[in-house]
Amino acid sequence: MTKDILYLDDDTEARELGRTFLEQQGYDVHTHDSPEEGVDCYRGEPVVVTDYLFDGEITGMDVAQALEDDAQVIMYTGYQQDFVERDAGTELPEGTQFVMKGGGYQDVIEEVETAFEEAEN
């Protein structure tokens with residue numbers, strides 16, 4: 001199975017750090033700074049890591065809903081899950097994982113590893 005990840009974040013530093021940490025774990029990471037570009041350029045990556053709020057109208061929730069049938073989506077944001085769901089007016093799509101920023105990238109790496117393990121089974 002391919003170890004490709006689509007990583008979406010409009011914060012350049014956060015996006016590049018995430019890419020670097022995941023690449024150090026052996027993943028091929030494709031990045032975009034806008035959710036529209038990410039969804040439009042989606043190439044079948046089995047795992048998508050997305051921030052919640054971006055400049056513009058599209059959110060990480062929109063990404064999760066658009067790709068929920070095609071990829072394991074991990075929402076990686078500085079906002080709490082209850083805020084995200086209230087702001088979006090809906091719960092996270094089933095199977096979407098939620099990780100708070102601020103605790104380092106280890107939590108994201110663990111969720112990515114779990115997503116690939118589940119995809120292989």
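Predicted model: local features only at pLDDT ≥ 70, side-chain atom pairs only at ≥ 80, totals over all residues.
Reader: Let's start with α1. Which residues does it cover, and how far does it reach?
Author: Helix α1 runs over residues 12-24, 13 residues in total. From its first C-alpha to its last it reaches 18 Å, close to the 18 Å expected at 1.5 Å a residue.

Reader: OK, and which residues of α1 are buried?
Author: Ala 14, Arg 15, Gly 18 and Leu 22. Seen down the axis of α1, the buried residues fall within an arc of 100 degrees, so they line one face of the helix.

Reader: Why would residues three or four places apart point the same way?
Author: Because an α-helix has 3.6 residues a turn.

Reader: What do the buried residues of α1 pack against?
Author: They pack against β1 (4-8), β2 and α5 (106-120).

Reader: And which residues are exposed on the other side of α1?
Author: Glu 13 and Gln 24 are exposed there.

Reader: What's going on at the start of the helix, around Asp 11?
Author: A side-chain oxygen of Asp 11 comes within 3.0 Å of the backbone nitrogen of Glu 13.

Reader: What follows α1?
Author: Gly 26 follows α1, with a positive phi near 100 degrees.

Reader: Switching topic: where does His 32 sit?
Author: His 32 is in strand β2, which spans residues 28-32.

Reader: Buried or exposed?
Author: Buried: the relative accessible area of His 32 is 17%, and the cut-off for buried is under 20%.

Reader: What does His 32 touch, leaving out residues up to four places away in sequence?
Author: His 32 touches Leu 6, Tyr 7, Leu 8, Asp 9, Arg 15, Glu 37, Gly 38 and Cys 41. Arg 15, one of those contacts, is also among the buried residues of α1.

Methods: Residues numbered from 1 in each chain as written. Heavy atoms only, no water. Helix = DSSP H or I, 4+ residues; strand = E, 2+ residues; numbered from the N terminus. Buried < 20%, exposed > 50% of the residue type's maximum accessible area, 1.4 Å probe, protein only. Contact = heavy atoms within 4.5 Å. Expected span 1.5 Å × (residues − 1). Arc of directions from axis to C-beta. Polar contact = N/O pair within 3.5 Å; in protein donor to acceptor, adjacent residues only side chain to side chain.
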